[in-house]
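Thanks, everyone, for making the time.

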Amino acid sequence: MSDVFNLAAKFGKAAFGHAMDGFKKVDDETFNSRISICKGCEHFNKETTQCNNCGCYLNIKATWNSEKCPLNKW
């Protein structure tokens, strides 16, 4: 159960950062580049489009201007 709380806490922090950034989203080119990098990563879960390292759902995280890959891949 602690994994659920940990994931919720990470999402809350990311959502707060997204709000503080004015809810800005990246352009399509940046999103596609980010997703392409994620899809080539060993931590990418193709069934859920989730990162097995940070737990984030990448179809959301990769659109937010305020977010970055925890492994510094983008």
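Before I list any names, a word on what lining means here: a residue lines a pocket if it has an atom within 4 Å of one of the grid points that make up that pocket. Please keep in mind throughout that this is a predicted model.

With that cut-off, the largest pocket, which has a volume of about 190 Å³, is lined by K10, K13, A14, G17, C54, C56, K61, S66, E67 and K68. Helix α1 gives the most to this lining, with four residues, and by class the lining of the pocket divides into five charged, three nonpolar and two polar residues.

The structure holds one cavity of 30 Å³ or more, and the volume of the largest cavity is about 100 Å³. Among the 14 residues that line this cavity, C38, C41, C51, L58 and C69 are the closest to its centre. Helices α2 and α3 each supply at least two residues of the cavity lining, and that lining comprises 11 nonpolar, two charged and one polar residue.

Finally, the aromatic rings, where the count comes to one pair. The ring centres of F11 and W64 are 6.0 Å apart with their planes at 45°, so the pair is tilted. This pair links distant parts of the chain, since F11 sits in α1 and W64 in the segment after α3, 53 residues apart. As for accessibility, F11 counts as partly exposed at 47%, whereas W64, at 11%, counts as buried.

Notes: Residues are numbered from 1 along each chain as its sequence is written. This is a predicted model: local features need pLDDT of at least 70, side-chain atom pairs count only at pLDDT 80 or more; totals for chains, interfaces and linings use all residues. Side-chain values use heavy atoms; hydrogens and water are left out. Rings of Phe, Tyr and Trp (its six-membered ring) pair if their centres lie within 6.5 Å; planes under 30 degrees apart count as stacked, over 60 as edge-to-face and the rest as tilted. Buried means under 20% relative accessible area, exposed over 50%, partly exposed in between (1.4 Å probe, protein chains only). On a 1 Å grid over the protein atoms alone, a cavity is a set of points where a 1.4 Å probe fits but cannot get out, and a pocket is an open set with protein on both sides within 12 Å along at least five of seven lines; lining residues have an atom within 4 Å of a point. Grid points are joined across faces, edges and corners, and a volume is the space filled by probe spheres set on the points. Ala, Val, Leu, Ile, Met, Phe, Trp, Tyr, Cys and Pro count as nonpolar, Asp, Glu, Lys and Arg as charged, and the others, Gly among them, as polar.
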